[in-house]
Amino acid sequence: MKFTQLKDDIKEGARPIYLIDGDDAYFRGKAEEQIKTAFLTMPELNFTSFDGAQYKGANLTEITSALSAYPFMSEKRIVKISEFYPAESDYEKYLKAAFENMPETSLLIIVNSQGKKGVDLKRKKCISYIDCNRVDRETVAKWAYITMKRSGVSSTVEACEAIADYCLCDMARVSKEVEKIVEYAKGGQVTKHTVDELVYKDADFRIYQMTGAVARRDFAQFAEICYDLLSKGYDENAIIASLINYFKNLLTVSEADISDKEIAASLKMSDYVYGKTKQQARAIGKQRLTGYINSLYSLVSAFKSGCITANGALESAVAQIFFG
């Protein structure tokens with residue numbers, strides 16, 4: 001199920017095992033919080049937490065033993081395991097029987113963020129999977145709109161979409177920025193201008209905007225964002241490195257022979273960012289992308305060997321990208 005479906009699912013009663021899995025820290029934290037709020041009482045006595053990385057082989061019996069412990073003056077005892085990626089063989093030998101025959105008085109929460117190799121817990125029928133990956137731009141914008149409305153603040157669609165964009169659909173950041181905006185607006189109206197004034201544009205998003213200007217051949221915007229980044233702590237070498245990484249991603253998107261979903265997952269891009277990246281890759285083309293990457297690598301080499309200054313390397317990079 002999606003994170004947004006969890007609240008309604010909890011109303012139907014507790015599941016024996018919840019797998020909270022995904023790259024969005026806000027969703028992971030909120031999912032765990034909702035489950036605990038609904039089913040945990042006296043946490044000092046009825047809650048146990050394990051670091052999954054420490055448990056393999058016979059050590060897994062410590063976890064299964066915790067699952068069989070009876071709660072103290074409560075209906076449920078909750079066990080949490082963080083970053084848990086057991087091997088298939090360990091699952092079959094030590095965990096399968098316990099997971100498929102969970103006591104009614106126990107509830108297991110597994111919280112994973114890294115997607116490491118191991119048994120595919122998502123496919124086990126005894127485990128309820130909660131998808132906590134980053135959601136698309138439209139969903140984030142809708143969440144921001146509804147959250148502000150509940151706090152007595154009206155907002156435009158454009159403003160909410162800008163919040164999603166500037167935070168790269170990272171709900172942990174979105175939630176904090178929305179809190180800040182609600183406090184600032186105090187029941188008033190939020191426009192895109194308000195968002196531009198209050199919300200810090202994620203450096204990755206600024207890089208994304210800057211390289212997007214390359215695809216449009218918009219030198220003025222490229223230069224404006226470039227020097228904005230320099231004024232906020234980025235150095236010349238970091239900007240060149242970011243450009244290289246971005247152009248390599250564009251080349252990967254345009255040349256990879258796997259599905260769009262697999263490419264987006266491997267590059268950790270949301271559907272919205274992936275779609276825009278693919279458009280930019282087509283606009284620039286393979287030949288130009290290869291040329292940009294090779295020339296930027298040459299400039300980095302020249303800078304590191306002392307043949308050119310950092311400022312000279314960046315100016316040369318800009319010249320090659322727009323006028324080379």
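User: In which sense do strand β1 and β5 pair, and over how many bridges?

Analyst: Two strands count as paired if DSSP finds at least two bridges between them. Here β1, residues 17-21, runs parallel to β5, and four bridges join the pair. One of the residues involved is Y18, whose bridge partner in β5 is S128. The strand names come from DSSP runs numbered from the N terminus: strands are E runs of at least two residues, helices H or I runs of at least four.

User: What kind of model is this, and how are its residues numbered?

Analyst: It is a predicted model, with local features needing pLDDT of at least 70 and side-chain atom pairs counting only at pLDDT 80 or more, while totals for chains, interfaces and linings use all residues. Residues are numbered from 1 along each chain as its sequence is written, and side-chain values use heavy atoms, leaving out hydrogens and water.

User: What is the order of the strands in the open sheet?

Analyst: The five strands are arranged as β2-β3-β4-β1-β5, and their pairing is parallel. β2 (47-51) and β5 (128-131) each have a single partner strand because they stand at the edges, so one side of each lacks a neighbour in the sheet. On average, neighbouring strands are turned by 20° against each other, direction ignored. For such angles, the axes are lines fitted to C-alpha atoms.

User: Is F39 buried or exposed?

Analyst: The terms go by relative accessible area: buried is under 20%, exposed is over 50%, and partly exposed lies in between (1.4 Å probe, protein chains only). F39 has 15%, so F39 is buried. F39 belongs to helix α2, residues 25-39.

User: Which residues does F39 touch?

Analyst: Contact means heavy atoms within 4.5 Å. Not counting residues up to four places away in sequence, F39 touches I10, G13, A14, Y18, K76, I78 and L107. K117 is 78 residues from F39 along the chain, and their C-alpha atoms are separated by 30 Å.

User: Where does A281 lie, and what does A281 touch?

Analyst: A281 is in helix α14, residues 271-284. With a relative accessible area of 3%, A281 is buried. A281 touches L250, S254 and L289, again not counting residues up to four places away in sequence. K248 is 33 residues from A281 in sequence, and their C-alpha atoms are 10.0 Å apart in space.

User: Is T194 buried or exposed?

Analyst: T194 is buried, at 11% relative accessible area. T194 lies in helix α9, residues 192-198. Leaving aside neighbours within four places in sequence, T194 is in contact with Y184 and Q189.

User: What is the phi of K186, and what is that of R217?

Analyst: K186 is not a glycine, yet has a positive phi of about 50°. K186 sits in the loop between α8 (171-185) and β7 (189-190), and is exposed at 63% relative accessible area. R217 is not a glycine either, and has a positive phi of about 60°. The place of R217 is the loop between α10 (203-216) and α11 (219-231). At 39% relative accessibility, R217 counts as partly exposed.

Technical notes. Axes are lines fitted to C-alpha atoms, for helices over the stretch in contact, and angles run from 0 to 180 degrees between N-to-C directions.
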